[in-house]
Amino acid sequence: MDLGLREKRAIITGATQGIGRKILEALIAEGCTVATCSRSPESVEAIIEQCSTRKAEVIGAACDVKDQEEYEAWIEDMVKQMDGVDIFIPNVSAGGGMDSEKNWWKSFEVDMLGTVRGCEAVIPHMKESGGGAITLISSSAAVETFAVPQAYNAMKAAVITYGKQLSQFVGVDNIRVNMVSPGPIEFPGGSWDMLKDTMPKWYAKIQRDHPTGRLGKPEEVAKAVVFLSSPAASWINGANLMIDGGFTKRVQF
Ligand SMILES: NC(=O)c1ccc[n+]([C@@H]2O[C@H](COP(=O)([O-])OP(=O)(O)OC[C@H]3O[C@@H](n4cnc5c(N)ncnc54)[C@H](OP(=O)(O)O)[C@@H]3O)[C@@H](O)[C@H]2O)c1
């Protein structure tokens with residue numbers, strides 16, 4: 001199947017590791033130009049060097065999504081360098097934790113406002129070029145109780161509600177908005193890699209809660225995100241796709 005992604009221009013935040021990196025690699029393999037950021041200039045340089053190909057280029061610069069001015073300027077710069085944007089994937093998260101009110105603010109600024117500010121910055125450019133696709137990254141922790149009462153779960157739920165609402169608002173401009181909700185995803189240097197060592201009993205329970213007995217891999221999320229973001233998914237709009245190997249247990253009517 002041709003996804004129709006050749007020569008599309010994509011912006012994905014935080015693609016130097018994990019799910020974001022696999023999305024970037026898959027977009028590059030499909031012939032997209034991809035712009036990304038992280039807080040570390042060295043990591044951004046490395047990904048530009050490692051993932052650019054003769055046919056598809058990675059561009060980027062260091063940027064902290066939590067800093068509004070820096071984030072909005074970074075998006076404008078990426079759009080300018082690519083002469084437009086067709087796909088936007090706000091992938092950065094502040095992560096979990098329930099230790100303080102500070103976490104709630106950080107989670108709101110990074111997960112929620114990082115998504116909202118990014119969408120507001122790219123939408124005028126997408127309108128100008130006749131359309132686009134936005135894929136928001138939520139989590140299975142948004143749709144079923146998970147771990148502890150924490151900002152992460154609540155903000156990820158808000159991301160789904162925001163995305164659904166946005167899909168109704170910008171559909172007229174030929175912009176689709178979808179969400180994905182991955183279950184626990186493991187990769188070297190990621191949070192589950194760490195939890196395997198620090199909380200082995202909980203990690204083992206999470207493994208057992210998967211019908212396959214294992215956690216997911218970043219590339220298993222990336223493939224679905226790339227499809228949803230592509231013209232091949234032209235009639236999928238306002239959906240929230242669970243990508244969890246059957247980890248969540250409710251029936252999805
Ligand atoms: N892993 C899972 O089990 C899982 C499950 C469900 C949903 N998700 C969601 O999937 C997305 C990716 O998670 P992940 O676990 O694959 O990756 P991750 O380990 O959280 O890394 C994400 C990337 O974001 C960058 N980053 C972090 N904070 C940033 C900031 N303030 N500004 C700019 N860049 C920043 C990191 O680079 P620097 O540190 O260099 O800045 C890194 O490149 C998140 O939205 C997460 O909530 C993950």
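**Pockets and ligand**

Analyst: The largest pocket has a volume of about 1300 Å³, counted as the space filled by probe spheres set on grid points joined across faces, edges and corners. A pocket here is an open set of points on a 1 Å grid over the protein atoms alone, where a 1.4 Å probe fits, with protein on both sides within 12 Å along at least five of seven lines; lining residues have an atom within 4 Å of a point. This is a predicted model, where local features need pLDDT of at least 70 and side-chain atom pairs 80 or more, while totals for chains, interfaces and linings use all residues. Residues are numbered from 1 along each chain, and side-chain values use heavy atoms, without hydrogens and water.

User: Which residues are closest to the centre of the largest pocket?
Analyst: Of 48 lining residues, those are Ser 93, Ala 94, Gly 95, Tyr 152 and Ser 191.

User: Ok, where does the ligand sit?
Analyst: The ligand sits in the largest pocket, meaning more than half of its atoms lie within 2 Å of the pocket's grid points.

User: What does Arg 39 do there?
Analyst: A polar side-chain atom of Arg 39 is 2.8 Å from a ligand oxygen. For Lys 156, a polar side-chain atom lies 2.9 Å from a ligand oxygen. Ile 19 has a polar backbone atom 2.8 Å from an oxygen of the ligand.

User: And how much space is in the second largest pocket?
Analyst: About 330 Å³. Its lining has 18 residues, and Gly 132, Ala 133, Asn 174, Arg 176 and Ser 234 lie nearest the centre.

Conventions. Polar contact = N/O pair within 3.5 Å; in protein donor to acceptor, adjacent residues only side chain to side chain.
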